[in-house]
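I opened this notebook to record what I looked up in the structure.

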Amino acid sequence: MAKLKELLSFIHILESWNDRDLDVRGLAYNSRNVEQGDVFVCIKGFKTDGHRYVAEAVKNGAAAIVVEDYQSGWDDLPQYQVKDSRRALAALSDAFYNHPSKAMKTIGITATNGKTSTSFMTNAILEEHGLKTGLIGTVVVKFGDYSEPTKLTTPESLDLHHYFAQMRDQDVSHVTMEVSSSALDLSRVGSVDFDIVTLNNISREHIDLHGSFEEYFNCKASLIRNAGEDKWAILNLDDPYSASLIEETKANLLTFSVETGDGDLVCKDLDLTTGRAKFTVEIRKPFTVEGTTYEPQEFSIELSTPGYHSVYNSMVAITAGLLNEIPISTIQAGLKSFGGVERRFEMVFEDDIKILDDHFANYGNINVTLNTLQQMDYSSLKLVYAIRGSRGVTVNRENAKAIVEWAPKLGLTEVIATLSHSHVDEKDRVTEEELRVFQEMMEEAGIHVDLYKELDDAIHHALSEAEKDDVVLLAGCQGMDPGAKIALEQLNKTRPGMDEEKLFKPLKNRVAGIL
């Protein structure tokens, strides 16, 4: 319960009608969720406009409305006009729950690739130190005994601040969250008090949503640019876009690199021959965080998660751990015991052959994945690729281009492609134009394509040809979600003597593609 006047003091009101103070029992942005005594905030979305549902909200008990456009016909209803109702919803939500993110150390992680893995890695380090943590991201929201799969990478602001409030009430001290470009653009993280922010990498993605790559970058960069003087920002000097923000933030800075050898923290002596990285971290200059000073030194890191991208993700997690005053020995232990995130270069089978599962989302992600494979020891590669459906010609051309560029380095002359027809909804169907672009790119490069309508058949093709020391890479987004389950089920049939519990263990805590 809160007073309306007090809540409204946190937003800029352009004009008001029927203004009066009320007891506010809650907030809502979906008219179906309105209860008696709530304030209904009218949001203009991509598919619908909340202003159209004022009547339903009032019917369900709305005591006041916040609008961008004046709503006539409500002579007795308190109505408050704002310039941006999404920003208003974030500020009102934060105020209604009494600014919960201020009560915890909050870490915001953005990137085109690796947000989920970096968040999980960071959380693993914090948990290794015995801290009560919260995690918010693409796969799950979890804290204490609560855990649920998520629909959005970053929840709507009202839901987000409610999560923060629940965490605070359960004495959570540290929260790690993914911050998507759309969340920044749509003010879903408005009024969140981030203590540590990072932008690890950026490549072409979500261009249709933002209109241009420049706008996409500006959305991502706003997380760093808006960080205050008492906050910390972690930037990757190997990524020119991340590095360009050094002079554009007031936050305290820690920089790192894996390739260039520049930065406050440097990755050295990297060994990826097994697919799982071993390397040395060198702290090159002293820095102080509250009561802890780190002097120049070196320490070793061993990752259980495979992939070259895991090195970059871990460098962010290591830096975040240091900024939370976690002992280096605890950071080492946390990363070594962290088993990874599903579908992020996940090793789902490791015996005479290896089966890797990766979401292969975009040009940057594909480059990092195939770069890792180049550094691994194996005989030959069987690539099963689920073409991205309904993502446009540009994304599919760029994804095909990445495969083509790496093909000669990996000895790849064949791609087993699939439309994954039975495993995607209409919104993820591969269009004729997307398929044509992919096939044309492969044909121009002299790469043979074995195209299958169904994912099961494509995987069967790869497994039937795989020999000792080969790698089968299950690559793709929505269309490949069930790939690991299908592959392991096929192995179970063709190798009846295998230990089923061990074979299916990688699927035990899966969210994607298990039904």
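Which residue of β15 is the bridge partner of W232? I found that it is N252.

**Basis of the entries.** I worked from a predicted model, in which local features need pLDDT of at least 70, side-chain atom pairs count only at pLDDT 80 or more, and totals for chains, interfaces and linings use all residues. Residues are numbered from 1 along each chain as its sequence is written, and side-chain values use heavy atoms, with hydrogens and water left out.

**Strand β14.** I took helices (H or I, at least four residues) and strands (E, at least two) as DSSP runs, numbered from the N terminus. Strand β14 covers residues 232-236. Strands count as paired if DSSP finds at least two bridges between them. β14 is joined to β15 (residues 252-257) by five bridges, and the two run parallel. Four bridges join β14 to β13 (residues 196-199), again in parallel; there, W232 is the bridge partner of I196. I then checked burial (buried is under 20% relative accessible area, exposed over 50%, partly exposed in between, with a 1.4 Å probe and protein chains only). W232, I234 and N236 on one side of β14 are buried, as are A233 and L235 on the other. In a regular strand the side chains alternate between the two faces of the sheet.

**Helix α5.** Among the buried residues of α5 are H161, Y163 and F164. Just after α5, D171 has a positive phi of about 65°.

**Residue Q490.** I located Q490 in helix α16 (residues 483-494). Its relative accessibility is 16%, so Q490 counts as buried. Leaving aside residues up to four places away in sequence, Q490 touches D456, I459, H460 and L463, where contact means heavy atoms within 4.5 Å.

**Cavity.** I searched a 1 Å grid over the protein atoms alone for cavities, sets of points where a 1.4 Å probe fits but cannot get out; lining residues have an atom within 4 Å of a point. Grid points are joined across faces, edges and corners, and a volume is the space filled by probe spheres set on the points. One cavity of 30 Å³ or more is present. The largest cavity has a volume of about 50 Å³, and its lining includes R388, D428 and C477.

How values were computed
On a 1 Å grid over the protein atoms alone, a cavity is a set of points where a 1.4 Å probe fits but cannot get out, and a pocket is an open set with protein on both sides within 12 Å along at least five of seven lines; lining residues have an atom within 4 Å of a point.
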